[in-house]
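User: Can you take me through the aromatic contacts in this one? I'll ask as we go.

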Amino acid sequence: MADSGEGIGNVPEHERILQEIESTDTACVGPTLRSVYDDQPNAHKKFMEKLDTCIRNHDKEIEKMCNFHHQGFVDAITELLKVRTDAEKLKVQVTDTNRRFQDAGKEVVVQTEDIIRCRIQQRNITTVIEKLQLCLPVLEMYTKLKEQMSAKRYYSALKTMEQLENVYFPRVSQYRFCQLMIENLPKLREDIKEISMSDLKDFLESIRKHSNKIGEAAMKQAQQQKTFSVALQKQNNVKFGRNIHINDRITEERNEIVLKHTFEEEDENEEEGDEETFENYYRKQRKKQARLVLQPQSNMGYGFPVNRLFDLLFEIRDQYNETLLKKWATVFRDIFEEDNYSPIPITNEEEYKIVISKFPFQDPDLEKQPFPKKFPMSQSVPHIYIQVKEFIYASLKFSESLHRSSTEIDDMLRKSTNLLLTRTLNSCLLNLIRKPHIGLTELVQIIINTTHLEQACKYLEDFITNITNISQETVHTTRLYGLSTFKDARHAAEGEIYTKLNQKIDEFVQLADYDWTMSEPDGRASGYLMDLINFLRSIFQVFTHLPGKVAQTACMSACQHLSTSLMQMLLDSELKQISMGAIQQFNLDVIQCELFANSEPVPGFQGDTLQLAFIDLRQLLDLFMVWDWSTYLADYGQPASKYLRVNPNTALTLLEKMKDTSKKNNIFAQFRKNDRDKQKLIETVMKQLRSLVNGMSQHP
């Protein structure tokens, strides 16, 4: 009884020891086993029996588990045997592909070395071209100067000299040929001075000599046109001499105005000393001739009507204005061609005063800035302003000799100036804007230039008022149409900015080279897109000088165009396959677009207005990245839908491309249950999307 009691008492202790052996690390088993030998004498035998029983129980459990999983193991072996043939074929293909890649790589290495040599040659050629491009304009301008001297176009030659000295020579002053040209310019200028003085003297001597013939020809034409009455024709022999003097005087006055305009125009571009010499000589000689012409004979008081003569002069005035407009069109075109379309740099107070003296510019902020600084407009603005004033002078020189009232002269000047602004200058601006070589930076500068020219129109009105002494408050005073002229030019430039910006975006997008079958994304945005974003950042920094609305419209237009281009790239009919890795890579690029929009490249947008340009892409990519088709199909058509901007037709097109990729690129898909389930899900979603598309076509 005692032994049985001891045996019964040892059983729980043996179970505890077995549990401790099964659950304890092997390093700690020794002390546990030692406790078995430390107990009663028969404890070891009983423990061994208990251990055998436990082992048999574990064997039974292992056998049950093996029997349970045996069929699955057999099935897996069978599947592997089926795949073995395909695996061997795949191994052969991989080996062959690797060999061909190695062979192709040798040719690539050779071509790469050739490319490196070509790049070096190209860099050297580029350096030579840059140096030649600096020198060629100088040589062309100097050749143009020689041609102008040969053609006796001395005024144009002086302008060309001025451009050479101020613009072209400083760029290439380090070259010897430039020094030779600089040394030759003073001699050419002295030659022009001597020739001009000789021509002036010859012309003044010939004026009086030919005036009688001009008057005689005018009277004969008047007779042929029957402008005189029959009675006047009978008295023609008696009063013929007096009529000649009348025509002589009119002709002399007309010649004086034209001649004075011609030489004064050339004088304005001479040096100050030469200008004073020519002007004094000219005035002195013309005063002498005027006294001879205006001194009547003692036996003549005239009394004839001259209305028809004034009508003729008015017609001549209109033709003269047309001639001026054509001439100034050439002047404006030359100014635009010579402009560099960059803000005017100034380094000291003297340069600042020179610009202010040519153009009425007022900006307290710019005045406070330290030197060096820049005017916002380019060189063409003060030149255009000066030439408009020159046109007013030229028009005045003819009108003031018509013996009209100051009010009429004021009206004539304003109408002529309006024609110059609305027709001539506006046409030149529009032609300039449409030229292919005018880029985004130039268009931005043109808009800034037109803004300042528009503001300067009030100073032109004051200029005319000071000449005619007619107040602008007069009821019948004509206003200058500068606002409409420069507004049209600005609108044209803005349209060209939007067009050229979209074209530049297309050029970058064409550089995209996606691997649409990639299994994993690169982990970073595509290079072409980062280059595009950097370009947009730099160009929008230039846009900060534009009116806010123009810059915002350009930025929104660019983002919308980029979004549309990216969407078209995804849905391109020539693109047949798209993998999930490609979708993820494309998503990285769209994220960069959204970050760019969120960085406020142009100030003035409210909230996430600019980000909405990419909302269609974002919702479409989110749908495919999350694979949230149940939510999309359940909420379709609801105003609060998470994927409201995703069109079923768009989603179906992209899904078909992904389905084809899964079929062609994954030869193991048929053996994996998850892939089979995914294919079934895609087919189910496609059926539901087709039903939505068909419903849209039936109920537009």
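**Aromatic contacts**

Analyst: Tyr385 is buried, at 7% relative accessible area (buried means under 20%, exposed over 50%, partly exposed in between, with a 1.4 Å probe and protein chains only). This is a predicted model, where local features need pLDDT of at least 70 and side-chain atom pairs count only at pLDDT 80 or more, while totals for chains, interfaces and linings use all residues. Residues are numbered from 1 along each chain as its sequence is written, and side-chain values use heavy atoms, leaving out hydrogens and water.

User: Which residue forms an aromatic pair with Tyr385, and what's the geometry?

Analyst: Phe359, edge-to-face, at 5.4 Å centre to centre with 85 degrees between the planes. Rings of Phe, Tyr and Trp (its six-membered ring) pair if their centres lie within 6.5 Å; planes under 30 degrees apart are stacked, over 60 edge-to-face, the rest tilted.

User: Is Phe359 buried or exposed?

Analyst: Buried, with a relative accessible area of 2%.

User: How many aromatic pairs by that rule?

Analyst: The count is 20. One of them is Tyr352 with Phe375: the ring centres are 5.2 Å apart and the planes at 15 degrees, so this pair is stacked. Both Tyr352 and Phe375 are buried.

User: Switching to charges. Which rings does the charged end of Lys373 sit over?

Analyst: Tyr352, at 4.9 Å from the ring centre, and Phe371, at 4.5 Å. The criterion is NZ of Lys or CZ of Arg within 6 Å of the ring centre and within 35 degrees of the ring normal.

User: And which residues form one aromatic cluster?

Analyst: Phe624, Trp627, Trp629, Tyr632, Tyr636 and Tyr643.
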